[in-house]
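Welcome, and thanks for taking a look at this one with me. Here are a few notes on its aromatic rings to read alongside the model.

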Amino acid sequence: MALPAHAADWMNRAEIDYIGPFVKAWAAFNAWYRHASGSRKDRDGLRFVKTLPNPVRGGIMPLLRPVQRDGHGNILADGEAAQKLKLLIRDLHVCLDAFHIEVTRDEDVVERISFRSVCISQGAALPQSSESYGLRYLVEKANGGWQCTVRSIAKPANVRVTIPTGGYDVSALQGHPQFATLSGAQRAALLGVFNRCNPRPFTDLFAGGDAGIVASDITFKCRDQQLFEGLIEVIYGLRNTLLHGELQPSPQAFAAYEPAYRILLTFLGCVK
């Protein structure tokens with residue numbers, strides 16, 4: 001069987017790039033968080049890195065805060081490290097903004113790797129509900145899928161609608177005939193509960209209401225914790241598209257792996 005075109009292109013290239021160093025740095029980072037978290041599952045290990053006390057989180061989070069200066073306005077040593085890391089994050093963002101790099105999830109859903117649309121947390125676990133104006137809005141698992149129900153609080157047997165969906169599928173919910181029988185306010189209330197259960201909610205780290213984290217000529221409008229988690233997910237996405245054979249060989253694609261590699265080295269410097 002002949003190699004696909006992009007695989008043959010890989011074989012014919014001998015350019016100097018950061019793909020190899022990135023893979024080796026990721027292997028070291030992966031080995032560390034598996035050992036430190038006590039889990040062989042990447043998702044458990046990444047959750048440990050992002051949310052629990054550990055040397056990487058403890059070392060990187062302070063660098064994402066405003067630069068520290070002394071009484072004369074000079075940047076302190078830790079401020080220089082913060083500037084260096086923020087410049088690398090800025091460079092990574094610019095590369096990803098200029099050239100679309102995509103990764104496919106298990107559900108065969110293709111996602112772009114970007115700080116403008118990154119999943120940094122999971123949605124609320126089912127069941128979820130809310131109450132408003134005498135009605136209870138419920139989203140729960142049923143018959144191997146999801147089921148949305150709107151019923152009277154005073155008379156639970158009085159069910160306004162029952163809408164099955166295969167899972168988190170907003171189109172299926174809104175396209176169901178019973179959804180149209182609800183008032184505008186009722187549809188909005190049901191959608192609010194439904195969206196709360198989104199297993200992969202996406203966040204634009206440039207569209208928040210926070211004061212912002214300045215990285216040279218760009219400003220992330222998010223909290224330091226959000227930027228840290230987003231950074232982990234972006235680099236993990238770059239790892240996945242590369243190791244899963246999805247990355248198309250291109251100088252523009254390769255460019256993103258240099259700042260990603262250097263960011264990984266910064267992570268590893270926290271655990272030496």
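1. Is Phe 267 buried or exposed? In this predicted model, Phe 267 has a relative accessible area of 1%. That is under the 20% cut-off, so Phe 267 counts as buried.

2. Now for the ring pairs as a group. The model holds 15 aromatic pairs. One of them joins Phe 29 and Phe 267, with 5.5 Å centre to centre and 40° between the planes, which makes the pair tilted. Phe 29 is buried because its relative accessibility is 1%.

3. Another pair to find on screen is Trp 146 with Phe 194. Their centres are 5.5 Å apart and their planes are at 75°, an edge-to-face arrangement. This pair, too, links distant parts of the chain, since Trp 146 lies in strand β5 (residues 145-152) and Phe 194 in helix α7 (residues 184-196), 48 residues apart. Trp 146 and Phe 194 are both buried.

4. Which residues do ring pairs link into a cluster? They are Trp 26, Phe 29, Trp 32, Tyr 33, Phe 48, Phe 228, Tyr 236 and Phe 267. Both partners of the tilted pair, Phe 29 and Phe 267, are among them.

5. Look at Phe 206: the charged end of Arg 116 sits over its ring, 4.7 Å from the centre.

Conventions
Residues numbered from 1 in each chain as written. Predicted model: local features only at pLDDT ≥ 70, side-chain atom pairs only at ≥ 80, totals over all residues. Heavy atoms only, no water. Phe/Tyr/Trp six-rings, centres within 6.5 Å; stacked < 30°, edge-to-face > 60°. Buried < 20%, exposed > 50% of the residue type's maximum accessible area, 1.4 Å probe, protein only. Helix = DSSP H or I, 4+ residues; strand = E, 2+ residues; numbered from the N terminus. Lys NZ or Arg CZ within 6 Å of the ring centre and 35° of its normal.
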